[in-house]
Structures are given as structure tokens and as C-alpha cells.
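Notebook open, model loaded. I want to go through the fold piece by piece and jot down what I look up.

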Amino acid sequence: MNPIEEQRLILDQLYRIVRGSCPQNFETAKCRFGYERFEDGSSSVDQQFDYVMGGNIVSAALDRNLRAPVMSLVKQLHAKMKAHTGGDWHAFTLMINKDGSVTTKFEYPEAKV
């Protein structure tokens, strides 16, 4: 399988977790996944999830029955993207838009001058 397809499959699994955490009639949703590596080799993943329903932003937690693989998926995505492009992002946001389309935005550390 090519690297882009591997990355897409991981993003698809994260999309399913976010989508499954939304109520039936949500309008849009977004989840920001933060990824941090430490000097001792350990890492952490956090997430901030909210959705819009009836024009109101609702902050929530990802569904506890669905979210178990999030840490592993985010770590895998980071490793695959770094190996493929050299990109070393520290967070990304997955957005489900009104039309049902999905977009992602990756955040990279500021370049040190």
C-alpha cells in the first residue's frame, strides 16, 4: 500500500470516531488532535472536540466506546507522515463540514531563526 493511502485510512478511522461521537442532527464538527513527544521517548495525544447543533457550539468529549484507538492512530499518522514527507506536525484539526465533506489542517512548530 502506498504511503498516501495508509495515511488516508488512518484519517478515515479518526473521522469515524469523530462522526460517531456527534448527535444525529449535528451541523458541523471538529476535533483537534494534539501530539507531543518527550525527550525520554514517550508521547502524549490530546483532543478537543466540538460540534454545532441548532447554531450553537457544543464542547464535548469523544464517545468513550469509540475513542480507545485515538492515541495509537494519531501516533501512527504522525510516524507515517514524517517518514513520507519529513513533516513534523504537533497537532491537526479534522473538520466535518455542513456538506458532509471532511478537511484537515496540520499545525507545524514555528521555524526557529
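Before anything else, what I call helices (H or I, at least four residues) and strands (E, at least two) are DSSP runs, numbered from the N terminus. I am working on a predicted model, where local features need pLDDT of at least 70 and side-chain atom pairs count only at pLDDT 80 or more, while totals for chains, interfaces and linings use all residues. Residues are numbered from 1 along each chain as its sequence is written, and side-chain values use heavy atoms, with hydrogens and water left out.

**Entry: helix α2**

I started with α2, residues 70-85. This helix has 16 residues and reaches 22 Å from its first C-alpha to its last, close to the 22 Å expected at 1.5 Å a residue (the expected span is 1.5 Å times one less than the number of residues). Just after α2, I found G86 with a positive phi of about 85 degrees.

Which residues of α2 are buried? I get V70, L73, V74, L77, H78 and M81. My cut-offs: buried is under 20% relative accessible area, exposed is over 50%, partly exposed is in between (1.4 Å probe, protein chains only). Looking down the axis of α2, I see these buried residues fall within an arc of 135 degrees, so they line one face of the helix; the arc is that of the directions from the helix axis to the C-beta atoms. A reminder to myself: an α-helix has 3.6 residues a turn, so residues three or four places apart point the same way.

Next I asked what that face packs against. The buried residues of α2 pack against α1 (3-20), β1 (28-37), β2 (43-53), β4 (91-96) and β5 (102-107), with contact meaning heavy atoms within 4.5 Å.

**Entry: the sheet**

I traced 5 strands in an open sheet, ordered β3-β2-β1-β4-β5, with antiparallel pairing. Two strands pair if DSSP finds at least two bridges between them. The edge strands are β3 (56-60) and β5, each pairing on one side only. The twist averages 20 degrees from one strand to the next; axes are lines fitted to C-alpha atoms, for helices over the stretch in contact, and angles run from 0 to 180 degrees between N-to-C directions.

I zoomed in on β4 and β5, which pair in the antiparallel sense over 6 bridges. M95 stands opposite T103 in β5, and F92 stands opposite F106. Their hairpin has 5 residues between the strands, and G100 there takes a positive phi near 90 degrees.

**Entry: cysteines**

How many disulfides does a search of the whole structure find? It finds 0, taking a disulfide as a pair of cysteine sulfur atoms within 2.5 Å. For C22 the nearest cysteine sulfur is that of C31, 9.3 Å away. C22 counts as buried at 10% relative accessibility, and C31 counts as buried at 0%.

**Entry: two spot checks**

F38 sits in the loop between β1 and β2. I read F38 as partly exposed, with a relative accessible area of 38%. Leaving out residues up to four places away in sequence, F38 touches S43 and S44.

T104 lies in strand β5 and counts as partly exposed at 34% relative accessibility. Again leaving out residues up to four places away in sequence, T104 touches L11, T93, L94 and M95. I also checked T104 against F49: 55 residues apart along the chain, their C-alpha atoms are separated by 14 Å.
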